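Subject: Structure handover

Hi,

The model we discussed is below. My notes on it follow.

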Amino acid sequence: ESLRQLLVHLTEQLELCQRSLSGYLESKRVAFPRFYFVSDTVLLEILSQKNDPKAIQPHLKSIFDAVHSVTIEAKARKLTAMQSGEGESVDFSAPVIADGNIEDWLLLLEAEMKRTVKEILRKAARECFSLKLGEFVEKYPSQAALVGLQFIWTRDCQLALSRSRTEKGVMQSAFKRVSQVLSDLTQMASKEVSPLDRMKLETLITVQVHQRDVLEELVAHKVKDAQDFEWQRQCRVYWRPDKDECCIEVADIEFDYCYEYLGCKER
């Protein structure tokens, strides 16, 4: 009888511990919502390593879309760069100090990731129109190079459509420029390049083929107005200097770019 009472008491205490633990983990998830992406077991392991940023590395890919590791200056506990699973590395605009509660410095890491991507895209929005294609692709990470191609395509199509009623052949000229970009990318991919650069170029080529096909359809349908639904329904990417934001438009809806680091992924 006493043993049964003891078991009942232990069960009650265990349930109390489980509720307390669930409440604790929930408070951490509220503080850093990306913890909702990991199980209780993994989260406990992460929280138990708060004094060792290196021990968190294996779990970053569960928390972020493409950040699989970070460069750490051990003595200063500084995080200075992020790496994707494909091996691409991007330096942070400013180092992140991995000190204090894990959720606090992970929030700083998330903010710095987005700030870094935004700064890179801001520069890419200017230089995609001034640099030669090869220089631009080589200089920028895969994500920025891809968005840069979308900046160029959107601007070229928009300008051609706005001038198509008064300038004969302007749409065909735009199509030739888009096709030439695709040809240049294909030529770059035919050379001896690293596996990472090859994946980057293949991704750019895939997107550029889609952009060429869209413009080819616009030409075939004789679209000559930027307000035409055939153009409005396309995904259009702009840098808005007045907002200091990268914006994506589809129809009459505009979204702000989220600046999540995406690495060098296949399309």
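Two strands are taken to pair if DSSP finds at least two bridges between them. Strands (E, at least two residues) and helices (H or I, at least four) are DSSP runs, numbered from the N terminus. This is a predicted model, so local features need pLDDT of at least 70 and side-chain atom pairs count only at pLDDT 80 or more, while totals for chains, interfaces and linings use all residues. Residues are numbered from 1 along each chain as its sequence is written, and side-chain values use heavy atoms, with hydrogens and water left out.

**Sheet β4-β5-β6**

Three strands make up this open sheet, in the order β4-β5-β6, with antiparallel pairing. Its edge strands are β4 (236–240) and β6 (253–256), each pairing on one side only. The twist averages 30 degrees from one strand to the next. Axes here are lines fitted to C-alpha atoms, for helices over the stretch in contact, and angles run from 0 to 180 degrees between N-to-C directions.

β4 and β5 (residues 245–250) run antiparallel and are joined by five bridges. Arg236 stands opposite Glu249 in β5. Val237 faces Ile248 across the pair. Arg240 is opposite Glu245. The hairpin of β4 and β5 has four residues between the strands, and Asp244 there takes a positive phi near 55 degrees.

On to the other pairing. β5 and β6 are antiparallel over four bridges. Glu249 has Glu254 as its bridge partner in β6. These strands also form a hairpin, with two residues between them. In that turn, Ala251 has a positive phi of about 55 degrees.

How enclosed is β4? Four of its five residues are buried, so the strand is largely enclosed by the rest of the structure. Buried means under 20% relative accessible area, exposed over 50%, and partly exposed in between (1.4 Å probe, protein chains only). Helix α6 lies across β4 and β5, and runs at about 100 degrees to β4.

**Sheet β1-β2-β3**

There is also an open antiparallel sheet of three strands in the order β1-β2-β3. The edges are β1 (69–73) and β3 (89–97), which each pair on one side only. Here the twist averages 25 degrees from one strand to the next. Five bridges join β1 to β2 (residues 78–83), and the two run antiparallel. Ile72 has Leu79 in β2 as its bridge partner. Helix α4 lies across β1, β2 and β3, at about 135 degrees to β3.

**Cores**

A nonpolar core is a set of buried Ala, Val, Leu, Ile, Met, Phe, Trp, Tyr and Cys residues joined through side-chain atoms within 4.5 Å. The largest one has 58 residues. Phe35, Leu79, Met82, Leu106 and Leu185 touch the most other members. Helix α4 (residues 102–127) gives the largest share of this core, 10 residues. Another core lies apart from it, with 14 residues, among them Cys157, Leu161, Leu218 and Val223.

What does Leu106 touch? Leaving aside neighbours within four places in sequence, Leu106 is in contact (heavy atoms within 4.5 Å) with Phe32, Phe35, Leu60, Ile63 and Phe64.

Leu43 is in helix α2 (residues 40–47). Its relative accessibility is 0%, so Leu43 counts as buried. With neighbours within four places in sequence set aside, Leu43 is in contact with Leu25, Arg29, Phe35 and Val38. Leu43 and Val30 are 13 residues apart in sequence, and their C-alpha atoms are 13 Å apart in space.

**Helix α7**

The 20 residues of α7 (residues 170–189) should span 28 Å at 1.5 Å a residue, and the end C-alpha atoms are 29 Å apart, which agrees. The expected span is 1.5 Å times one less than the number of residues.

Which residues of α7 are buried? They are Val170, Met171, Ala174, Val178, Val181, Leu182, Leu185, Met188 and Ala189. Seen down the helix axis, the buried residues fall within an arc of 130 degrees, so they line one face of α7. The arc is that of the directions from the helix axis to the C-beta atoms. The buried residues of α7 pack against α5 (133–139), α6 (142–163) and α8 (195–220).

Best wishes
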